[in-house]
Amino acid sequence: MDTDSEDRWMGAWLALVRTHARLWDHVEAQLRRDHGLTIARFDVLANLESAGGRLGLTELASAIVLSPSGLSKLLDRMASSGLVRREPDPADARSSFAQITPRGRRLVNDARRSHHALLQHRFGDALTDRDVADLTRIMTRVSAALARE
């Protein structure tokens, strides 16, 4: 391992990890306190809402970065809470869809407003336009490198 090259990026890595953890904690606490949602539940509801209310389970699992079995368990709990329901795919008996319920839609719309306000305050207000452009460029580059593996 080349220590000189590690010194070049290690500070940035640690700043990213620590900042992510702190921001995640703020977001999770706010969603739980104000709406009774975990980030995972909010993410499912937000993705379903953005997609018009319904997504295939494979597509939803990819969007929220959960394994199919992890998503299945989460959807079971969310269905028990009346936030989503599962529907079989009439074209493929092995597949199904997740659909947001009216209750889930109201909850995610309410949560989205306060969630975005918190992100604006804790993240957006700390960045200049140039910071946003640089961060977007950097994260796109890192994401592309990960996708190649």
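Me: Axes here are lines fitted to C-alpha atoms, for helices over the stretch in contact, with angles running from 0 to 180 degrees between N-to-C directions; what makes α3 and α4 roughly perpendicular to each other?

Reply: This is a predicted model, in which local features need pLDDT of at least 70, side-chain atom pairs count only at pLDDT 80 or more, and totals for chains, interfaces and linings use all residues. Residues are numbered from 1 along each chain as its sequence is written, and side-chain values use heavy atoms, with hydrogens and water left out. Helices are DSSP runs of H or I with at least four residues, numbered from the N terminus. The axes of α3 (residues 57–64) and α4 (residues 68–80) come within 9 Å and cross at roughly 100 degrees; angles of 65 to 115 degrees count as roughly perpendicular, and α3 and α4 are therefore described in that way.

Me: Which residues make the contact of α3 with α4?

Reply: With contact meaning heavy atoms within 4.5 Å, α3 contributes Leu57, Leu60, Ala61 and Ile64, while α4 contributes Pro68, Leu71 and Leu75.

Me: Why is Gln30 called buried?

Reply: Buried means under 20% relative accessible area, computed with a 1.4 Å probe on protein chains only, and Gln30, at 4% relative accessibility, therefore counts as buried. Gln30 lies in helix α1 (residues 3–35) and touches His35, Ser114, His115 and Leu118, not counting residues up to four places away in sequence.

Technical notes: Helix = DSSP H or I, 4+ residues; strand = E, 2+ residues; numbered from the N terminus. Parallel < 35°, antiparallel > 145°, perpendicular 65-115°, else oblique. Buried < 20%, exposed > 50% of the residue type's maximum accessible area, 1.4 Å probe, protein only.
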